[in-house]
Structures are given as structure tokens and as C-alpha cells.
Number of protein chains: 2
Amino acid sequence: MHAFDVLGDPARRRILELLACGEMPAGDVVRVLGEEFGISQPAVSQHLKVLRESGFAGVRAVGTRRLYSLDPTPLRGVDEWLDPFRRFWVPRLDALATEIARGKKTRRDGDAQVPTEDEEQS
Amino acid sequence: MHAFDVLGDPARRRILELLACGEMPAGDVVRVLGEEFGISQPAVSQHLKVLRESGFAGVRAVGTRRLYSLDPTPLRGVDEWLDPFRRFWVPRLDALATEIARGKKTRRDGDAQVPTEDEEQS
DNA sequence: GGCAAGCATAAGCAAGACGTGATATAAGTC
DNA sequence: GACTTATATCACGTCTTGCTTATGCTTGCC
């Protein structure tokens, strides 16, 4: 299952948000998701399985509990996919840095905005 | 349809990549997707519809052609959702900046890495 | 007007995703 | 060993998605 498919489900996104705060036993996840989404324990368990198998989460058994933790690797991949698009909303810091390095006076920021298609890319 | 669901389909991701290079007529998209994914014109047209209706793309009619263009807004939303997770793989630039501002010597970068759950978040 | 090109829409179908209730498994408690 | 708790898995129904083929609607051109 592709990373974006995994993130397609709101319940799974919520689980990742929970895990971002630190390790969490499956039971706690079940409780929160149950309250917020009204879904059952098996449903949550299956989501956790998806997160496990797609590399978003790791598990650690402690007694009868299963402590889930976030693995950021696939999210990082998503972040990287997003990278070429970021130029559409992020001021071009590289160009800015270059200008600063050259000691130029700051120009009007007209060309530090969303680029048009005939600008260089990559 | 939620942004992440839209991005869940590889064909749609590809279309967004194409549109990132600039405006493109539907026919060209059909040709590329046809080659790369082996799908038909209606299939592509339906993907374009999804992208339109979810705000990822805009259209402009020119004669009999439909020029599609990227609208970065929803991608930006995705980027923002990703933000709280970024601390897991991005060195903490804010802390780094603080240290530099204070004129401290650069410490070993042991604590500039992935934070543990008992550190402050947000 | 007639025709072709460019694209969108409709209808139908197959596959997969997500939910449920029931049940299995394994560890802790008495 | 019996029972409870914590979690996973099974079997199954349903809804959604994404594809296909067929067709409709504009626009440009002769």
C-alpha cells in the first residue's frame, strides 16, 4: 500500500498524530479512535496493522500490551514528493540567500513569489 | 474528497507533476497518462475532474481545448498537516539559530536530532 | 450545414477498502 | 488451572473507486 493511500484514511492520520506524541499502547489508541470516530477495536487494530506493514509505525510488546510508536520514514518520503511543489507557496529562499551573499540591496520581492511556468525549475 | 484521497492515486499524482511544469491541455495529459499508465481518455478525464473538484487544478477553455493548471492550495494544506511530524527528520533549526544568536560554540549535535516524547512539542 | 477534433459524461462492472461481530491467542491474576 | 484483560485475526457485507465502452456536447473548419 502506497504511503498516500495509508494517509488517505482519517482514522490512520489521527493515529499518526497520536503516535507523534510518543509511544502509545494499542488500547489507548482504540479508546481515542472509538470516541472520535465511533469505530470498534478490530477496526483500529486493522488500521494499526496497515500502519505497521506500510512502515509508518513500529510495535513493542510489553507484557500483554503492544506499544506502538511512530516511524517517520514514509512521512519523510511524502515530504520529499511534496518538495518540487513547495516552490508554489514558499518564497525562494535560495535566491534570497544568494542575493544576501552577494551583498545586493533587497529588491522588491516581486520575483520571490509563485513562479510562472517559463522560469527554470528543479 | 479529502486531499490525501486525491493524492492516493498514482495517476493523479502524475498529473499534478505534469501541471507543476505549467499549464497543459487535457489532450496532452491524456497522451502521457495513456503511455505511462495505459488508461483511456475517459479515465484521465475523470481524474482531471477529481482534481478540479478538490481544488488541485483549475481549467481554462481556449477554443476547443481545456488548459489545466495547478492550484497549490490543497497541497499546501497537506504540507501543513505534515509540519508537526517534520521534527522527526529535520534538524531543529530554531534551536540551532538560538544557539548561534547566543554565540555559543556548536555542541555535538546529539540533541538536534529526533526528539523524544518528553521534550516540548507544538 | 456537415463533419471532425477535443473533451466530458453516463452506465456498468470488478476489485478493494473499511466496517462489523465472532473468535483466537497470549499474558497476567487469583 | 480457571478467568480476565489486551490485542489480533477471521468471515462476511457494503460502499467506494477506478476502469471500460458508448455517447453527448462544443468548437473550429470546409
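I began with the surface near DNA strand C, where helix 4 (41-53) of chain A and helix 3 (26-37), helix 4 (41-53) and strand 3 (65-70) of chain B each supply at least two residues. Helices here are DSSP runs of H or I with at least four residues, strands are runs of E with at least two, and both are numbered from the N terminus.

The model is predicted: local features need pLDDT of at least 70, side-chain atom pairs count only at pLDDT 80 or more, and totals for chains, interfaces and linings use all residues. Residues are numbered from 1 along each chain as its sequence is written, while chains are lettered from A and ligands numbered from 1 in the order in which they are written.

**DNA strand C**

I looked up which element gives the largest share of this surface. Helix 4 of chain B does, with six residues. I then listed the residues around DNA strand C and found 23. Ser40(A), Gly63(A), Gly27(B), Pro42(B) and Ser45(B) come nearest. A residue is near a strand if its C-beta atom, placed from the backbone, lies within 6 Å of it. By class I noted nine nonpolar, ten polar and four charged residues. Nonpolar covers Ala, Val, Leu, Ile, Met, Phe, Trp, Tyr, Cys and Pro; charged covers Asp, Glu, Lys and Arg; the others, Gly among them, are polar.

**DNA strand D**

Next I turned to DNA strand D, which 26 residues surround. The closest are Gly27(A), Pro42(A), Ser40(B), Pro42(B) and Gly63(B). Helix 3, helix 4 and strand 3 of chain A, and helix 4 of chain B, each supply at least two residues of the surface. Helix 4 of chain A has the largest share, six residues. I noted ten nonpolar, eleven polar and five charged residues.

**Chain A: the sheet**

I traced an open sheet of three strands in chain A, in the order 1-3-2, with antiparallel pairing. Strands pair if DSSP finds at least two bridges between them. Strand 1 (24-25) and strand 2 (57-62) are the edge strands, each pairing on one side only. Six bridges join strand 2 to strand 3 (residues 65-70) of chain A. Which residue stands opposite Val62(A)? I found Arg65(A), in strand 3 of chain A.

**Chain A: helices 2 and 3**

Helix 2 (residues 10-20) and helix 3 (residues 26-37) of chain A pack at about 135 degrees, with axes 11 Å apart. The axes are lines fitted to C-alpha atoms over the stretch in contact, and angles run from 0 to 180 degrees between N-to-C directions. That makes helix 2 of chain A oblique to helix 3 of chain A. From helix 2 of chain A I listed Ala11(A), Arg14(A), Ile15(A) and Leu18(A) in the contact. Helix 3 of chain A brings Val29(A), Val32(A), Leu33(A), Glu36(A) and Phe37(A). Residues are in contact if their C-beta atoms, placed from the backbone, lie within 7 Å. The contact has seven nonpolar, no polar and two charged residues.

**Chain B: helices 3 and 4**

I checked helix 3 and helix 4 of chain B: their axes come within 9 Å and cross at roughly 120 degrees. That makes helix 3 of chain B oblique to helix 4 of chain B.

**Where the chains meet**

Last, I looked at the contact of the chains, which takes 21 residues from chain B and 21 residues from chain A. On the chain B side, helix 5 (73-82) gives the largest share, five residues.

Methods. Angles under 35 degrees count as roughly parallel, over 145 as roughly antiparallel, 65 to 115 as roughly perpendicular and the rest as oblique. Two residues are in contact if their C-beta atoms, placed from the backbone, lie within 7 Å.
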